[in-house]
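Me: Could you take a close look at one part of this model with me? I would like the cut-offs spelled out along the way.

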Amino acid sequence: MERKWTKLGENTFSLIVDGIKAGEMKIALSSTALQATCKIGTENYTIQRIGFWNNTVEVRDDKGTVVAKIYNEKWYANSYQL
């Protein structure tokens with residue numbers, strides 16, 4: 001299975017799996033937050049950094065429900081928990 005991200009435009013990417021478009025991601029850069037919106041099939045997701053130091057990443061569906069959270073295993077570690 002070959003997976004590849006292809007750049008479509010400024011901050012817009014497409015996920016290609018075995019030559020078929022599987023999803024799309026648009027990254028919104030702003031001074032306050034770094035956020036990405038993703039569409040995989042018919043599902044929409046938002047990826048955003050949260051917390052005081054912005055070191056936790058949340059993935060939410062279009063209803064606002066947290067479907068994944070990624071955070072440091074320990075404050076000094078380079079490993080993450082999903």
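Why does T12 count as buried?

Reply: Happy to. This is a predicted model, so local features need pLDDT of at least 70 and side-chain atom pairs count only at pLDDT 80 or more, while totals for chains, interfaces and linings use all residues. Residues are numbered from 1 along each chain as its sequence is written, and side-chain values use heavy atoms, with hydrogens and water left out.

T12 counts as buried because its relative accessibility is 14%; buried means under 20% relative accessible area, exposed over 50%, and partly exposed in between (1.4 Å probe, protein chains only). T12 sits in strand β2, residues 12-17; strands (E, at least two residues) are DSSP runs, numbered from the N terminus. Leaving aside residues up to four places away in sequence, T12 touches T6, K7, E24, M25 and K26, where contact means heavy atoms within 4.5 Å.

E24 pairs with K21 at 2.7 Å, N to O, and E24 is partly exposed at 31%.

E58 bridges to R60, with the closest N and O atoms 2.9 Å apart, and also to K69 at 3.5 Å, N to O. E58 is buried at 8%, whereas R60 is partly exposed at 32% and K69 is partly exposed at 36%. Together, E58, R60 and K69 form a network of salt bridges.

Conventions
Helices (H or I, at least four residues) and strands (E, at least two) are DSSP runs, numbered from the N terminus. A salt bridge is a side-chain nitrogen of Lys or Arg within 4 Å of a carboxyl oxygen of Asp or Glu.
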